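Work through the exercises below with the sequence and the structure side by side, and try each task before you read its solution.

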Amino acid sequence: MIRMTVLASGSRGNCTVVSSSRTRVLIDAGLSCREILKRMVLANEDPATLDAILITHEHQDHVAGLGVLARKLGIPVFITEPTHRAWVRMLTPRTTMTYAKWIELRAQERAAATAEQARREEMGEGANDIIEQIFSESDQEIAAEAEAAGAIPETESTEPVDELSRIKAAPTYLPAIEHFQAGVNFTVGDIAITPFTIPHDAADPCGFVLETEGTRIGIATDLGYIPTNVKQALKRCDIMMLESNHDLEMLRDGPYPWSVKQRVMSRVGHLSNDTAAEFLQKEYDGGAAYVILAHISESNNLHSLARIAAESALNGRMSLLGNKLVLAQQYEPTESIIL
């Protein structure tokens, strides 16, 4: 028995469970750990039986609960190395300095150096020897005072440093990491996984084909267009999950800033209803028992519009009458698909 449950799909979080009779994997962890566990229970999916987490890319709506969930369940994370690095950078605090602040600090350093040079010149010949003697005496006095007080130098502390605890406490710590590459197959239990490159504005975004027990599942969301390699990956699927993110008119008239609208419509953005429908009409081979429309925008789409576009594309193709169209939900688990 093969079971697929979309726990969440959309700009607020993406998370899907795929399980065979022996293996259960989570694709993306775009909700909080607590919410993922809650939705798994609602969908009758046992979190304790998860074997691995697979990550498509590092955007927040796909990795929001990754670290906490992986640590809580103690399971490996399968992720490309560039995506892993991007996720670590995203969670690592960075100190930034403006150019003006840098200029100010440099001026202070220059003034201090000039003042020090002037003092030395005033002291005349042999100033360097005198200054070094002063510092040497100070160091000796400090050491003597520390010894008298029974102080132990920091470098010789008797308290053991638990480096492993410090590492595990970091938000980027994962209990086990498996790096994969697009185009190179790997397995988790009895599920064979083929990752494929998708066009999206992330470090190294991937879609997945999962095969087990004679069933083939294709997952392709977060892509600006459908290139040839994605079309090939989605052939012969029994379940196909395809993005239908936005309605073009709603996006153009919607609340997003123009720069964001351009990004969504670009070739590294998201699929429109029209683009998804065109693929279903012209390129899709018609073999899937279920077609799942996913990552439907709350602001720039309606489930009814996504459904109409897809059904119109499939209508009239006699070989496709058996296809069942499912629309993935954002705020609750979509009904599980069982084959």
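This is a predicted model: local features need pLDDT of at least 70, side-chain atom pairs count only at pLDDT 80 or more; totals for chains, interfaces and linings use all residues.

**Exercise 1.** Which residues do ring pairs link into a cluster?

Residues are numbered from 1 along each chain as its sequence is written, and side-chain values use heavy atoms, with hydrogens and water left out.

Step 1: rings of Phe, Tyr and Trp (its six-membered ring) pair if their centres lie within 6.5 Å, and planes under 30 degrees apart count as stacked, over 60 as edge-to-face and the rest as tilted. Step 2: the whole structure holds 3 aromatic pairs. Step 3: the rings of Phe78 and Phe186 are stacked, because their centres are 5.2 Å apart and their planes stand at 5°. This pair joins strand β5 (residues 77-79) to strand β7 (residues 186-188), across 108 residues, a strand being a DSSP run of E of at least two residues, numbered from the N terminus. Step 4: the cluster consists of Phe78, Phe180, Phe186 and Phe208.

**Exercise 2.** Decide whether Phe78 and Phe186 are buried or exposed.

Buried means under 20% relative accessible area, exposed over 50%, and partly exposed in between (1.4 Å probe, protein chains only). Phe78, at 11%, is therefore buried, and Phe186, at 13%, is buried too.

**Exercise 3.** Find what lies over the face of Tyr225.

A charge sits over a ring if NZ of Lys or CZ of Arg is within 6 Å of the ring centre and within 35 degrees of the ring normal. Arg267 lies over this face, at 3.7 Å from the ring centre.

Key: Helices (H or I, at least four residues) and strands (E, at least two) are DSSP runs, numbered from the N terminus.
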